[in-house]
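This briefing goes through a protein model by topic, from confidence to sheet, helices and core. Please keep the sequence and the structure open while reading.

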Amino acid sequence: MSIRHAAYPEWVFDNPRTALRGAATGLAGAAVLGVGYASLIERNAFTLREVTMPVLEPGSSSLRVLHLSDLHMMPGQKLKQNWLRELDRLEPDLVVNTGDNLSHLRAVPSVVQSMGGLLARPGLFVFGSNDYFGPKPKNPFKYFKKEHKRTFGEPLPWQDLRAAFTERGWLDVTHNRRELEVAGVRIATAGVDDPHLKRDRYDTIAGPPNPMANLKLGITHSPEPRVLDRFAEDGYDLVLAGHTHGGQLCLPFYGALVTNCQLDRSRVKGPSRWGSRMQLHVSAGIGTSPYAPARFCCRPEATLLTLVPTADKGPEQGVRPGVSRSSAVVR
Ligand SMILES: [Fe+2]
């Protein structure tokens, strides 16, 4: 006697091999569709995210900051270049670039040309590993090990990119403390070299920033907790970082699988609080490595941050760590 379930058609039981083959074909088709969507559609679905963050001294005027990160530019990426060119129409007061601009030896002109208008505005930058070294194929499962062995490609012309940025007036804050005034807001800023490469030397910029500044702004490529702790101890209001790519391949209702650093998954992209009063913003970035050209549930993004005054600069009450009072809109 055989027992047959009413939910399955007869042929499932009469031809089990055919049923298995059908299921395998279905799964393979879904996988092909998923890979096609992630690599052809979502990877190029460039998005502007808008976030309001209360981080300025009370009484300050607001400041619009365009946060760019992880362009991973290749010379032929016209969609990305055209989208970047349009960002100048946002007329930000300040542009902050948190590194990983290059994925090719000859990509510097593409970066400079597509950011042309933005380079005429006040700007700050640090570099990441993908400004110094070219991409290399990697085993994707290595990203699940937090302390995996790093492999680097050929040296990239970061000196040319640095010269292009600084000639147009952008400030390299790598191991530098700088002060500037933008749109009536006094900014005390400092940055570190890429912690992902263990090049960060926080002691070179250590110490409290100018207390007269309306905004104390820290900048790093990788949001490593050891660096965030130092900025927080010194009294910085806000740290901007990139590197995580927002997890790049995320699961619906779960989010990022990895952050590619020691940061916890809850802060992999967007605003969050670090310590009792410092705010953190992590960009999900605009590009990907050419050897992992896919994004899923994690669109490429630039962020327009509107920084506004806090009502009270004391410790926030009743807000659990990792949750920011900031608000975000995605376009
Ligand atoms: Fe990156």
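The mean pLDDT of the protein (the predictor's confidence in each residue, from 0 to 100) is 90, and 86% of its residues reach 70 or more. Over residues 1–6 the pLDDT is below 50, and this stretch has one contact in the model beyond near neighbours in sequence; two residues are in contact if their C-beta atoms, placed from the backbone, lie within 7 Å. This is a predicted model, in which local features need pLDDT of at least 70 and side-chain atom pairs count only at pLDDT 80 or more, while totals for chains, interfaces and linings use all residues. Residues are numbered from 1 along each chain as its sequence is written.

**Overall make-up**

- The protein has eight helices and 15 strands; helices (H or I, at least four residues) and strands (E, at least two) are DSSP runs, numbered from the N terminus.
- Of the 331 residues, 41% count as buried. A residue is buried if 20 or more other C-beta atoms lie within 10 Å of its own, exposed if 12 or fewer, and partly exposed in between, with C-beta atoms placed from the backbone.
- Among contacts with a separation of 6 or more, 76% are between residues 24 or more positions apart.
- Residues 315–324 also have pLDDT under 50, and the model has 17 contacts for them beyond four places in sequence.

- Six strands form an open sheet in the order 6-7-8-9-13-12, with mixed pairing; two strands pair if DSSP finds at least two bridges between them.
- Strand 6 (177–182) and strand 12 (270–274) are the edge strands, each pairing on one side only.
- On average, neighbouring strands of this sheet are turned by 25 degrees against each other, direction ignored. Axes are lines fitted to C-alpha atoms, for helices over the stretch in contact, and angles run from 0 to 180 degrees between N-to-C directions.
- Helix 8 packs on the sheet and touches strand 8 (215–219), strand 9, strand 12 and strand 13; its direction makes about 145 degrees with that of strand 13.
- Strand 12 and strand 13 (residues 278–282) run antiparallel and are joined by five bridges, with Arg273 opposite Gln279.

**Around strand 7**

- Strand 7 (residues 185–191) runs antiparallel to strand 6, with six bridges between them.
- Across this pair, Arg178 stands opposite Thr189, and the bridge partner of Glu179 is Ala188.
- The hairpin of strand 6 and strand 7 has two residues between the strands, and Ala183 takes a positive phi near 50 degrees there.
- Strand 7 pairs with strand 8 in the parallel sense over five bridges, and Ile187 stands opposite Leu215.
- Six of the seven residues of strand 7 are buried, so this strand is largely enclosed by the rest of the structure.

**Helix 2**

- Helix 2 (residues 16–41) has 26 residues and reaches 36 Å from its first C-alpha to its last, close to the 38 Å expected at 1.5 Å a residue; the expected span is 1.5 Å times one less than the number of residues.
- The number of buried residues in helix 2 is zero, so this helix lies largely in the open.

- The largest nonpolar core has 67 residues, of which Val111, Leu215, Leu238, Val239 and Leu307 touch the most other members. Such a core is a set of buried Ala, Val, Leu, Ile, Met, Phe, Trp, Tyr and Cys residues joined through C-beta atoms within 7 Å.
- Beyond four places in sequence, the contacts of Leu215 include Val55, Ile187, Leu238 and Leu307.
- Tyr236 is found in the loop between helix 8 (225–234) and strand 9 (238–241), and is buried, with 27 other C-beta atoms within 10 Å.
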